[in-house]
Structures are given as structure tokens and as C-alpha cells.
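Here is a short report on aromatic rings and their surroundings. Keep the structure open as you read.

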Amino acid sequence: MSTRDDLSSADFDSNIIESLLLEFNWHKTVDMPGLYQVWRNESRTTQEIILPLDPNKGDYRSLLRRAFQILLTEHGSDVERTANLFSIRQKSDGNSSHESLGTDPTSQLREWAHKLADFQAAVDRISAPNVIEFCEKALGEFQALTHNSAATLRAPASLLILGIAHTIIELVGRTATRETLTQADALTTITSSVAAALADADTWLTDGPPSSEEAERRKQAVIDTAAEAQKAVAIRLAEEDTPSTTHGALLGYQDPNVDAKIIFTQVCSFTEDEHTRYSTAYERLKRRIDRDLLRYIFEQIDLLLNAAAEILHQLDKHGIPGGDSAVDDLGRRLRYAVIAMTSAFQIHQDQTYWLVRDKFGKASKEEEELRALFNGLYSGCFGYRWLIELRHTMLHINMEAAALKLTIKMNDEPSVEINMDREWMKESSGVMGKAYKRNELLALKDDPSIIAMAREAYVELSAIQDDIDNILYPETTDDAAIVSELVARFDGREGMYALQLGPGFSRSTRIPPYRQLSPVVLSYAERYSA
């Protein structure tokens with residue numbers, strides 16, 4: 001059986017399909033002797049396979065093809081490989097007792113001794129990246145050797161290929177397990193089998209063929225040995241198909257001696273309760289870290305500074321650009337950065353209020369504590385207070401509330417100032433309607449620096465961020481301790497840490513589902529707990 005679409009009646013029949021169904025755990029639900037059978041595998045699919053039994057029926061071939069395609073869809077390339085093995089076994093078993101009229105056994109024996117020597121040479125030339133492909137290529141070479149002439153074989157020549165066939169079948173079966181089998185091991189096994197066959201051929205050509213009783217005994221011995229080997233492989237596959245526990249500490253690592261980008265191993269298993277405890281604490285801690293709005297403010301301030309530095313570079317290189325439009329363009333670039341930076345402060349406050357209401361409900365004790373913190377920041381920090389008001393004015397009145405001042409002096413470096421325009425701020429009812437803000441604004445002698453206000457506001461907000469987080473995340477101390485305990489379950493091993501989310505490490509599921517654990521979260525937990 002060479003390809004999925006090249007299926008001839010000589011090597012593809014209902015017996016092979018039935019063997020495949022049994023091999024892949026399908027169950028016969030209907031049996032109409034001599035006509036058809038119905039097979040199901042409810043753990044895999046709702047489809048039924050109709051297995052025709054009468055090759056004289058017109059739909060015999062089409063039903064076989066449909067059955068094979070369903071098996072391919074459900075079980076993948078393993079079906080093709082297993083079908084090849086069954087096809088070879090079917091030919092080999094039949095050949096051992098086949099009587100071919102007009103064929104000289106001695107001539108056949110001599111001819112097949114030469115063919116097996118050629119087969120050994122072909123196996124020696126096989127180049128493959130791994131032992132699985134090596135064995136499959138060896139199987140292909142053997143199929144090519146036996147495909148056209150196997151039907152005319154009779155004993156003792158048929159005994160030569162019978163043993164080799166079962167040797168290769170056994171090797172392919174062993175590659176499906178986790179047994180450590182190298183290409184060198186496989187080549188040595190095939191070479192030994194071919195050498196034994198050639199030694200038998202030499203003996204039989206010299207001393208005469210074995211008796212029919214001896215031929216039958218040897219045939220049965222090979223079949224029994226192959227059956228035992230297959231049984232052992234089946235047991236190992238069943239053991240390896242038993243999945244690991246559902247949850248645990250999963251480690252991903254690399255080994256230069258193993259041809260794999262990453263290797264996974266379960267360091268230890270978790271009970272369902274342990275998994276829930278670890279994953280819940282980790283998720284809460286991760287949400288706290290991911291919600292780093294203070295970092296967002298820092299980055300927006302940095303972008304504003306970068307925009308100012310870029311303008312300084314242009315001034316130093318080209319001077320003040322001519323024309324109002326060029327100067328206006330520089331002003332727009334800086335104002336975009338200012339509105340983004342001031343909005344970052346407002347976003348920090350708004351989303352903090354949303355989170356406390358979402359977590360604890362409206363008008364909760366926690367919300368009152370947060371409002372006290374933000375009110376204290378607003379009233380006690382000049383920079384924070386006026387950045388909030390500046391954003392309101394830029395958003396609702398005029399963007400030019402952020403004023404750009406370019407200066408170039410003879411023999412001096414150029415300068416760029418981004419200031420809060422007091423005149424535009426007077427247009428804000430939110431400012432002028434409050435006496436303390438109106439008086440503070442009118443008392444200013446100069447337009448204050450927006451960058452200086454941003455730096456001051458960031459420092460003061462950073463000083464109360466831990467208090468904010470402690471209100472929002474009162475469970476952090478416990479969560480950090482639990483996540484630190486989770487880290488300890490990995491025994492200090494190096495690699496990628498993950499939580500196992502389902503069964504795995506079986507033949508059907510090599511790598512279990514998992515959730516990678518962020519090193520940032522794990523390090524935070526250990527630092528916090530310390």
C-alpha cells in the first residue's frame with residue numbers, strides 16, 4: 001500500500017481494514033455474515049464504518065476506500081504505517097505455504113539470496129533524520145523488493161523473507177513507544193536478520209532445502225516470536241497511553257543532546273485543590289502587576305521628553321524653521337505628547353475608581369479610602385493638580401493651553417519650553433469658578449513648566465501607589481506567599497515554569513496543555529514575600 005490514492009485489490013482488502021479497526025479500538029456493532037459489518041468508535045467520532053465482506057458486490061471497493069479515509073481522518077498517518085505492516089504480514093504468511101506451479105525452489109532460493117544482499121546494501125544507504133523515518137524507509141525498501149514477486153514464492157525462499165518481514169514490523173512497532181531505539185540499533189537488527197537469512201540460504205543450497213515439517217516449524221516459530229514481540233509493544237503502548245495526572249508543576253528546558261527545541265517534564269503533581277489555590281493566587285497577582293498604570297504615566301512623560309529632545313536636535317542643526325506653519329507643526333507635535341501625558345494621569349485615577357467599585361461595590365469603605373488619597377494628592381501637589389486642570393482645558397477649550405517657547409541665543413544652545421498658558425487656563429470655569437484655584441492661578445508670575453509639573457506629580461503619585469494597591473489588593477500578601485510556595489515546588493530547576501492544565505505525557509497527548517508562568521510575576525512574589 002504505497003499511497004492513500006494507490007490502493008490495489010492485491011494489497012487492500014476487508015481483512016486489512018478489519019485488522020486496522022481492531023488495532024485502533026473500533027467495535028463491531030452489526031454483523032451480517034458474508035455481506036457487511038458495521039463498526040463504531042464512540043470515543044473518537046459519531047461516524048460509522050461499513051465494512052463490506054463480498055468482493056463481488058459493486059460497492060465493495062468504494063466502501064473499502066471510505067472506511068480507510070475515515071480511519072485516516074481519525075487516526076492520522078499511524079493508519080498508513082499500520083496498514084503497510086498488515087499488508088506485508090499478509091503476504092509473508094501466505095507465501096510460506098504457497099505452491100507456485102512451474103517455479104523451481106532452488107532457483108528461487110538462489111535468486112532471493114541475491115535480492116536480500118541488494119536489500120542490505122539499500123538499507124546501508126538510507127539517510128534519515130531519526131530512527132522512525134529510518135525504519136519506515138527500510139520498510140519501503142522491503143515492500144519494493146517483495147511487491148511484484150511475492151505471489152510466486154514458495155518454501156524455502158518464502159521462509160527467508162518471512163523472518164525479515166517480522167523483524168522490520170517489530171522495529172516499526174518499537175519506534176511508536178518511548179523505548180530508546182537508535183538508528184544504529186535498528187540497522188544492526190536488520191543486518192543480523194538478513195545475515196541469518198543468507199546463512200540459511202547458503203545451507204539449503206548446499207545441503208538441500210528443509211523438510212516440509214521443518215519449514216512449517218520454522219514458520220510457526222517466527223510467527224510466535226513476532227506475536228510475542230507485538231504483544232510486548234501493545235502492552236508498552238497501553239502503558240504509555242495512560243496520561244499523567246491532570247495538574248502539576250511543568251518544566252520546559254533544553255538539552256543539547258536531544259533533537260528538540262524544548263523538552264517538557266512534570267516536576268511534581270498537584271491535587272485539584274492545590275492547582276486551584278496556585279492558579280487563583282497567580283492570576284490575582286498577575287492582574288495587579290499588569291495593571292501598572294503608573295508605568296504608563298512614566299512612559300508618556302518619557303515620550304514627551306523625547307519629543308522635546310528631537311525638536312532641540314532640529315533647532316541645533318537647522319535653527320528655528322522659517323514660516324509660521326513650520327513652527328505650528330512643532331507646537332502640534334509637542335501638544336499631542338502633552339495631552340497624552342496629562343490623560344495618563346486622569347486615566348490612572350478613573351480606572352482606579354472603576355476597579356474599586358467593580359471589586360467592592362459603590363460607596364464602599366475602600367472607595368472612600370481611595371478618594372481620600374487622591375484628594376490629598378490633588379490638594380497637596382501643585383504639579384498633579386494643574387496637570388489635571390490642563391488636560392481639561394486642552395480637551396474642552398483650546399489645545400494651545402500648552403504653550404511652546406523656542407529660544408536660540410548667539411553662542412548658546414537652543415532651548416525648548418513647554419508651559420501651561422495662564423491666559424487659556426483663565427477660560428476654564430472649573431478653574432475660575434473655584435476661589436482657591438482662581439487665586440493660585442492669578443498669583444502665578446510666569447507660565448509654569450509642564451515638564452517640571454509632570455516630574456513632581458509622578459514622584460508624589462508614586463509615593464502613594466503602594467497605599468492604593470493595598471486598598472485594591474488586600475490579598476496580595478497571601479497571594480505572594482502562595483506563589484512563592486509554587487516557585488519552591490520547582491526545586492530551583494532552571495527552565496520555563498508552567499502550570500499543567502490537563503492530562504498528557506501519553507502516546508496520544510505527548511505535551512499536556514499548560515499555562516506559562518511569567519518570570520516577572522514569580523520574581524515579584526518572591527520579593528514581596530521577602
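## A tilted pair

F264 has a relative accessible area of 12%, so this residue is buried. The model behind this value is predicted. Y514 is partly exposed, at 35% relative accessibility.

A pair of aromatic rings is described by the distance of the centres and the angle of the planes. F264 and Y514 make a tilted pair. F264 belongs to strand β5 (residues 263–269), and Y514 to strand β9 (residues 514–516). The pair therefore ties together parts that lie 250 residues apart in sequence.

## An edge-to-face pair

The whole structure holds nine aromatic pairs. One of them joins F119 and F142. This pair is edge-to-face, with 5.5 Å from centre to centre and 70° between the planes. F119 sits in helix α4 (residues 105–124), while F142 sits in helix α5 (residues 131–146). The two are 23 residues apart, and the pair links distant parts of the chain.

## Charges over rings

K115 lies over the face of W112, 4.6 Å from the ring centre. R371 lies over the face of Y353, at 4.2 Å from the ring centre.

## A buried histidine

H275 is part of helix α9 (residues 272–290). Its relative accessible area is 9%, so H275 counts as buried. Which residues does H275 contact, leaving aside neighbours within four places in sequence? They are H247, F270, Q500 and L501.

Conventions: Residues are numbered from 1 along each chain as its sequence is written. This is a predicted model: local features need pLDDT of at least 70, side-chain atom pairs count only at pLDDT 80 or more; totals for chains, interfaces and linings use all residues. Side-chain values use heavy atoms; hydrogens and water are left out. Helices (H or I, at least four residues) and strands (E, at least two) are DSSP runs, numbered from the N terminus. Buried means under 20% relative accessible area, exposed over 50%, partly exposed in between (1.4 Å probe, protein chains only). Contact means heavy atoms within 4.5 Å. Rings of Phe, Tyr and Trp (its six-membered ring) pair if their centres lie within 6.5 Å; planes under 30 degrees apart count as stacked, over 60 as edge-to-face and the rest as tilted. A charge sits over a ring if NZ of Lys or CZ of Arg is within 6 Å of the ring centre and within 35 degrees of the ring normal.
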